[in-house]
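These are my notebook entries on one structure. I kept to what I looked up and wrote it down in order.

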Amino acid sequence: MNLADARDIAAPRTAVWAAILDPEVLKACIPGCKELAGTVDEGFEAVVVQKVGPVKATFKGQVDVSDIVEGQSLTLTGQGKGGPAGFAKGAAKVSFADTAEGGTLLTYDVEAKVGGKLAQLGSRIIDGFTKKLADQFFERFQDGLEDPTDADDVEEDEEKPKKGWIGRMLG
Amino acid sequence: MAADGGMGHATKRREDVRFLTGRGKYTDDYTPAKTTYCAFARSTVANGKINSIDTKDAAGMPGVVTVFTGEDFAEVGGNPAGWLINSRDGEPMKEPKRPVLAHGKVRHVGDAYAAVIAETLEQAMDAVEAIDADIDELDAVVNMVDALANSTTLVHDEIGTNQCFDWGWIEDNRAATDEAIKNAPHVTTLELVNNRLVPNAMEPRCSIGEYDPGTGDYKLTTTSQNPHLTRLLISAFVMGIPENKLTVHAPDVGGGFGSKIYHYGEEALVLAAAKKLNRPVKWTSTRTEAFLSDAHGRDHVTKIELACERDGTFIAFRTETMANVGAYLSNFSTATPTFLHGTLMAGNYTVPNVYVNVKAVFTNTAPVDAYRGAGRPEATFSLERVIDKAARELGMDPIALRRKNFIKPDQYPYASAAGLEYDSGNYDALMDGLEAAADLAGFEARRAESAKNGKLRGLGINSYIEACGIAPSNLVGVLGSRVGLYDAATVRVNATGNISVMVGAHSHGQGHETAFPQVVADMLGVDPMSIEIVHGDTSKIPFGMGTYGSRSLAVCGSAVFRATEKIIKKATLIAAHMMEDKPENVDFEDGDFSVKGTNKKVSFGDVALKAYIPHDFPLEDIEPGLEETAFYDPANFTYPSGAYACEVEVDPDTGKVDICSMIAMDDFGNVVNPMIVTGQVQGGLAQGIGQALLEHGIYDENGQLLSGSLMDYAMPRADDLPNFVVDHSHATRCTHNPIGVKGCGEAGAIGSPPTVVNAVVDALQRGGHDVEHIDMPVSPARVWEAMNG
């Protein structure tokens, strides 16, 4: 499954770049992320709860940041094992460019694959699911950068984007 | 002859009384005292290196009795392939070991690498989740072309290739066939895929192991089509348990379709576990496990060429096929794409040249083996699709082209160019019957009616031949079978005149319990209901080879016939003694023995009783008792054949295909019970239509099974099927078995797929779309794409 998209973010490139390397940001933006610990250099250990069609599972795995070209591009790679539910792997190549309006154009190219029960039971919905996850991630990311004020409105519902992580961090 | 219920009578199936009232006893219904439950840890990757399997946490979980890994079975034998195939260069096929549990590597999604035994099933399943397996995912080999081209990514590293064999049939005919095709005035070529199928028997596999420490006896209760073969494989190859210490019992089995012929690792595991624990161990497959680990069917990619004269006279067939065998060789996997396929590649035709090349390919997918039809659907599909295409290219009627090349009734026995000798048949008579039943004259009117409703109507025709009664030991031995394929029966006449017949064939939907007594009743002139069939338990029945390849009645039924002949012979001796005359003066008719030219008469029942109270027998001439066994090994395969027609309507807006009619004219030789035969054909047609329109086992490029549930894998349902017309009146008797029967279990699944696809292509062609072929399943998406692509 491959997916490419772009987002126009009303924030300067330096802020966007700093945000994507921040573990707290990653944790807030990865849909269903319950725990995330580690560093950019060492990689992160993550626990993610997700439901794909009929299969709900807790994925334990690794998130790595690689191919870092300072301020320009990087690759986010994640892989998680969900026990009997199978496994999921994904990589997002993300690049950053200035826009004429002083914002940042973020483009991403996502590749994902699933295995085990997730593939047997969820394959017919996996494309839509991957798109949903990627959309959620980058939407949360964008909202957090563009609207850092409403930190108190954090929604616990994992299906809805949590807004205002920058405000929360600053507070 | 029995007044009611003898040969040819449509007796209702007596076994249906228990099946339809919920009183069948299946393997999972059996739970011995102190049973423990087994659950397997199965690979989620298609190809992986096992670094370590940590079972410590799992072993400490509540209720867990023990945990096995592949390490525990490293010294145990592998599950062997039953047929040895030699490649064209004379090299024997590659036979990598198939272990009880994966060891070192996992080779397909669903490959079991550990097993937990616990007090309850839930505890076993929970503990499976606590197993910590460190498995490195490796690149998977999925596509057969890639598998053959790739010498670095291997399913089995130790054999150095993904090719199991490269087989030529008949290699000596290759040059002549090539030459004939080169010089032919017309050659039609078609490339096609025979789609992978998942068998989906309604009852999933289930195995229960028991061990008696007092006697050292093992018992395996299991979902099997052939308990003796399973016992032989476990005893001789996998575990070395002496056959006299191992009973294999297959009670009621809810559908096999081939997938329960084979011995599976789970069976060996529950036996080993039962011995270790001194407790019964039970495993029942989940539907997901069935999708992942039952042997799949078909999965061929074929290029076929038909060379002919301009008038349509066939000159040669040549095929190149890649046959997927999956990650391990299942027991019959090497026979299915070769001798059950290549030998049928002359079809019903007087074609002088045939050459078949089959490359069997290992891939990181579930093993592939015989599935209802086993090789013959693949042969028929290739032949009948290319013949249809040739008819169009030559501007000939597809029926006329087939008739022009049919073997004629006066040509039997006929030695086909693919190496078999057909004993009997009458393909023109079948086609005559089909043409009458199909009302071909009315087709144009029906097509116009469909057009009025915005639908494209098409007509598909097909003729097939298959080889059944899989047996002749001398023949299959030459062809590579490592066992002889006879069958056996014991007829035991009890003292009060009722009869137990112990048979080697296994009944799991075929109606043996009803049909076999009809044969015996007919011969003895007794009530069929006084005859009981005993099957499925190696401790009760003679050594038989089980049920597959539409063989039960032709082979095992013939053994029943021969044993019954022996009974009549011995009963005649006893009757002669009772009537104080010579045996040669005694006649046997309608259940009574009489002395020619006298009014002396004794009934079969009187003779049976006398056999067990032999106060005055001349013991040097007549032994007490009335029980006889026969092993029957036929001289040849049987050759059922048929002509099928199908009409479809295609919705041009959606590509959806509706089957309007399906007519099956089959020649099964003599028919013992026409109602059972009709039911067998109907079931086969449903499965064949399932393959043609709906079913597809799909692996993605990483070896993940995408159609791994009944939500994703489309099984045929009643509303996908028309009312079938089934006719087996155009019969020619099998010449070499005593009942004259040929076998009917697989015919519908062999004859219907090309009939349906021919009809769909015909509909599109008549509708002005230049579509030559659509691969199965002919789904709405594929049809729409073919029309609009």
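Helices (H or I, at least four residues) and strands (E, at least two) are DSSP runs, numbered from the N terminus. The model is predicted: local features need pLDDT of at least 70, side-chain atom pairs count only at pLDDT 80 or more, and totals for chains, interfaces and linings use all residues. Residues are numbered from 1 along each chain as its sequence is written, and chains are lettered from A and ligands numbered from 1 in the order in which they are written.

Entry: backbone of chain B.
I looked up the loop between α8 and β13 (300–308) of chain B and found B:R298 there. Phi of B:R298 is near 65°, a positive value in a residue other than glycine. B:D299 sits in the loop between α8 and β13 of chain B, and its phi is near 65° and positive. Most residues other than glycine have a negative phi, and most peptide bonds are trans.
Are these residues buried or exposed? I use buried for 20 or more other C-beta atoms within 10 Å of a residue's own, exposed for 12 or fewer, and partly exposed in between, with C-beta atoms placed from the backbone. B:R298 is buried because it has 28 other C-beta atoms within 10 Å. B:D299 has 26 such neighbours inside 10 Å, so it counts as buried.
I then noted a cis peptide bond from B:W169 to B:I170, with omega near -5°. B:I170 lies in the loop between β7 (163–169) and α5 (174–182) of chain B. Another cis peptide bond joins B:M776 and B:P777, with omega about -5°. B:P777 is in the loop between α18 (747–766) and α19 (780–788) of chain B.

Entry: helix α15 of chain B.
Helix α15 (residues 552–578) has 27 residues and reaches 37 Å from its first C-alpha to its last. That is close to the 39 Å expected at 1.5 Å a residue, where the expected span is 1.5 Å times one less than the number of residues. I count α15(B) as mostly covered, with 19 of its 27 residues buried. B:E580 follows α15(B) and has a positive phi, near 55°.

Entry: contact of the chains.
I call two residues in contact if their C-beta atoms, placed from the backbone, lie within 7 Å. The contact takes 14 residues from chain B and 13 residues from chain A. On the chain B side, α3 (121–130) and α8 (287–293) each supply at least two residues.
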